[in-house]
Amino acid sequence: MKRKREEEKSKANDSNSNGNGNGNGNSNNNMEIVWQTPANPPVKEDYIFRDGRRNVKPYYFEFISHVKNRWAGKTIVDLFAEEFKGRPYDYYVSAVKCGRIQVDGEMVPVSYTVKSSQKISHFLHRHEPPVMAWDVSVLQKEPDVLTVCKPPSVPVHPCGQYRKNTVVGILQAEHDLAPLFPVHRLDRLVSGLLILARNASKADLFRQQIEAGKVIKRYIARVNGVFPEGEQVVDVNINYNASAGRSTAESGDSLGDTPLKGKAACTKFTRISTNGTHSIVLCEPITGRTHQIRVHLQYTGYPIANDMLYLCEHVTHREGMSADRAAAYSHHSPPPVSSDKSESSSEDFSIDPMCTNCPNLAPKG
């Protein structure tokens with residue numbers, strides 16, 4: 001089925017004199033650019049498979065944010081340089097001058113001072129991070145519900161740097177399944193069963209059942225050490241630090257002199273097996289806090305064996321392999337790349353003269 005793309009075309013006066021700072025030496029005045037919006041659905045041709053990884057062809061996209069109170073009073077260039085440090089200062093100067101960064105839909109000078117709640121648009125050549133090339137397997141397809149096996153390294157829905165390299169995006173591009181409504185989430189590095197509603201009313205029903213405690217989630221984790229026998233219940237508050245991107249367990253008495261900042265959290269653990277070095281543990285979260293299982297396992301002294309974010313300091317380098325690398329160095333051989341997923345070269349996408357990531361597929365950093 002051929003999908004129609006709603007394309008909005010505009011002109012950008014880009015050249016090396018704008019100080020693009022990426023050194024690729026590719027100048028192109030009045031380059032015609034096709035800007036994509038969330039209305040542009042992912043298609044098969046968006047993906048490039050290389051070295052066992054799924055890459056997304058870079059594309060133009062409008063990022064929109066609104067000026068926070070703490071940003072107000074800063075110049076537009078200083079705001080970006082201080083808050084979004086992934087690109088050099090000269091890039092932001094060039095982007096403002098040529099209109100790739102706009103305020104309330106208008107071009108502004110580099111000395112422009114932003115005000116609270118103003119709309120800021122950043123028209124960007126977007127490079128998404130790669131994920132593992134495993135397929136999103138469709139296990140059960142019903143009129144109102146879709147059940148799939150989510151592979152590790154792939155986020156469920158658009159977030160952060162990911163839009164097309166997501167479960168929802170891949171299902172739309174490769175299985176023509178849209179719209180989809182995620183009713184629960186698995187962390188990007190976690191694999192497992194994922195249930196998606198195929199309409200809003202079914203999604204609301206699932207959410208009501210989850211909130212009423214009628215849905216039970218079970219996870220299986222490989223942890224360091226010999227986990228104790230019998231059911232272990234961890235009832236410890238969890239405090240999530242958004243700026244650090246991690247959670248911490250808070251032990252103590254909530255009625256004490258220093259009140260706990262975290263939210264109540266409870267997880268049940270049961271050992272399935274052990275080989276004397278690692279244990280396989282069944283995890284049943286009673287509540288649903290950010291990184292709850294990972295933090296509670298760390299709190300018990302049995303962290304997930306390849307969880308670099310919450311591993312204890314004494315583990316060996318092999319046990320300390322990150323979950324991303326562990327996905328690549330699985331006990332099973334990497335999945336074969338099917339015939340319709342041939343290796344592609346960088347010639348399959350255009351090089352942008354201002355982009356600080358071109359000509360590479362994956363973003364730097």
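Modeller: Gladly! Helices (H or I, at least four residues) and strands (E, at least two) are DSSP runs, numbered from the N terminus. This is a predicted model, in which local features need pLDDT of at least 70 and side-chain atom pairs count only at pLDDT 80 or more, while totals for chains, interfaces and linings use all residues. Residues are numbered from 1 along each chain as its sequence is written, and side-chain values use heavy atoms, with hydrogens and water left out.

First, the setting. The protein has six helices and 18 strands. Of its 365 residues, 40% count as buried; buried means under 20% relative accessible area, exposed means over 50%, and partly exposed lies in between (1.4 Å probe, protein chains only). If contact means heavy atoms within 4.5 Å, then among contacts with a separation of 6 or more, 66% join residues 24 or more positions apart.

Now the part you asked about. In soluble globular proteins, nonpolar side chains tend to be buried together. A nonpolar core here is a set of buried Ala, Val, Leu, Ile, Met, Phe, Trp, Tyr and Cys residues joined through side-chain atoms within 4.5 Å. The largest such core has 23 residues, and L146, V148, V167, L171, L194 and L196 have the most contacts inside it. At least two residues each come from β3 (47–50), β5 (59–66), β10 (145–150), α3 (167–175) and β12 (192–197). Helix α3 gives the most, with five residues.

Not counting residues up to four places away in sequence, L196 touches D144, V145, L146, V148, V168, L171, L180, F181 and P182. A second, separate core of 19 residues includes F80, V96, V114 and M354.

Strand β10 also holds T147. T147 counts as buried because its relative accessibility is 18%. Leaving aside neighbours within four places in sequence, T147 is in contact with S137, V138, L139, Q140, L194 and I195.

Next, follow the chain on from α3. D176 lies in the loop between α3 and β11 (181–182), and although D176 is not a glycine, its phi is positive, about 55°. D176 is partly exposed because its relative accessible area is 38%. P179 sits in the loop between α3 and β11 as well, and a cis peptide bond with omega of about 0° joins A178 and P179.

D51 also has a positive phi of about 55° without being a glycine. It is found in the loop between β3 and β4 (53–56). D51 counts as exposed because its relative accessibility is 63%.

Helix α4 (residues 200–211) has twelve residues and reaches 16 Å from its first C-alpha to its last, close to the 16 Å expected at 1.5 Å a residue; that expected span is 1.5 Å times one less than the number of residues. L205 lies in α4 and is partly exposed, with a relative accessible area of 38%. L205 and V183 are 22 residues apart in sequence, and their C-alpha atoms are 9.3 Å apart in space. After α4 comes G213, with a positive phi near 75°.

Helix α5 (residues 292–300) has its own buried residues, namely Q292, I293, R294, V295, H296 and L297. Their cover includes β13 (219–224), β14 (232–235), β15 (237–241), β16 (246–250), β17 (266–274) and β18 (278–285). G301 follows α5 and has a positive phi near 95°.

Finally, β5 brings us to open space. On a 1 Å grid over the protein atoms alone, a cavity is a set of points where a 1.4 Å probe fits but cannot get out, and a pocket is an open set with protein on both sides within 12 Å along at least five of seven lines; lining residues have an atom within 4 Å of a point. The second largest pocket is lined by 23 residues, of which F63, F84, R87, L124 and Q161 lie nearest its centre. Two or more lining residues each come from β5, α1 (76–83) and β7 (119–126), and β7 supplies the largest share, five residues.
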